[in-house]
Amino acid sequence: MTQTSESVTWLTQAAYDQLKAELDYLSGPARTEIAMKIAAAREEGDLRENGGYHAAKEEQGKQELRVRQLTQLLENAKVGTAPTTAEGEVAPGMLVTIAFDGDEDDTLEFLLASREYASDDFETYSPQSPLGAGVLGKKVGEDAQYELPNGKKATVKVMAVKPFNG
């Protein structure tokens with residue numbers, strides 16, 4: 001089975017190792033810890049009015065969701081360097097500068113990557129997001145369209161593309 005480039009998440013070895021360690025912790029020791037919290041809260045009595053029990057169950061749900069997200073991410077991950085693209089072409093792992101409605105004074109620079117690559121220095125948009133999908137594969141100077149939450153279309157112009165080295 002081949003994977004499309006949209007379903008593959010390219011990770012450095014360090015990023016892969018960090019996410020794998022998080023998954024191992026959440027599916028091992030963290031599960032034991034939350035099970036003990038739930039058991040201790042159950043012993044307090046009436047579950048209908050037991051805030052500790054409900055908080056522990058909610059924490060367990062969030063933890064299991066993260067386990068599923070990490071499992072899926074790591075199953076579709078490729079470790080190494082993303083395939084090279086044509087110079088000036090928008091691809092995951094790139095810093096992209098766009099101009100809204102062709103107005104070069106109204107620009108946004110963002111990192112096109114999964115949230116695991118989120119940076120404090122740049123906004124991060126997933127390649128699966130409406131904006132990310134709209135600009136993916138576009139070259140500098142090309143226009144891209146994407147759908148806004150209200151159903152209308154927005155047009156942006158790709159002004160610059162450069163590799164992210166963060």
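The legends below accompany close-up views of a predicted model.

**View 1. Overall arrangement of the chain.** The chain holds 4 helices and 7 strands, and from the N terminus on its elements follow the order β-α-α-α-β-β-β-β-α-β-β. Of the 166 residues in the chain, 31% are buried.

**View 2. Helix α2 and its buried face.** Helix α2 comprises 14 residues, 29–42, and spans 20 Å from its first C-alpha to its last, close to the 20 Å expected at 1.5 Å a residue. Its buried residues are Ala30, Ile34, Ile38 and Ala41. Seen down the axis of α2, these buried residues fall within an arc of 75°, so they line one face of the helix. An α-helix has 3.6 residues a turn, so residues three or four places apart point the same way. The partners against which the buried residues of α2 pack are α1 (13–27) and α3 (51–75).

**View 3. Packing of α1 against α3.** The axes of α1 and α3 lie 10 Å apart and form an angle of about 140°, and the crossing in which α1 passes α3 is left-handed. On the α1 side, the residues that meet α3 are Tyr16, Leu19, Lys20, Glu22, Leu23, Leu26 and Ser27, and their counterparts in α3 are Gln63, Arg66, Val67, Leu70, Thr71, Leu73 and Leu74.

View 4. The largest nonpolar core has 16 residues, of which Val90, Val96, Ile98, Phe110, Leu131, Val135 and Val156 touch the most other members. At least two residues of this core come from each of β3, β4 (107–112), α4 (130–135), β6 (143–147) and β7 (153–163), and β7 gives the most, with 4 residues. Apart from this core lies another, of 11 residues, including Leu11, Leu26, Leu70 and Leu74.

**View 5. Surroundings of Phe110.** When neighbours within four places in sequence are left aside, Phe110 is in contact with Met94, Leu95, Val96, Ile98, Glu123, Tyr125, Leu131 and Val135. Phe110 is also one of the residues that touch the most other members of the largest nonpolar core.

**View 6. Thr97 in strand β3.** Thr97 belongs to strand β3, which covers residues 94–100. Its relative accessibility is 16%, and because buried means under 20%, Thr97 counts as buried. Not counting residues up to four places away in sequence, Thr97 touches Thr107, Leu108 and Glu109, together with Lys157, Val158, Met159 and Ala160.

Terms used
Residues numbered from 1 in each chain as written. Predicted model: local features only at pLDDT ≥ 70, side-chain atom pairs only at ≥ 80, totals over all residues. Heavy atoms only, no water. Buried < 20%, exposed > 50% of the residue type's maximum accessible area, 1.4 Å probe, protein only. Contact = heavy atoms within 4.5 Å. Expected span 1.5 Å × (residues − 1). Arc of directions from axis to C-beta. Core = buried A, V, L, I, M, F, W, Y, C linked by side-chain atoms within 4.5 Å. Axes fitted to C-alpha atoms, helices over the stretch in contact; angles between N-to-C directions. Left-handed = near helix turned anticlockwise from the far one by under 90°.
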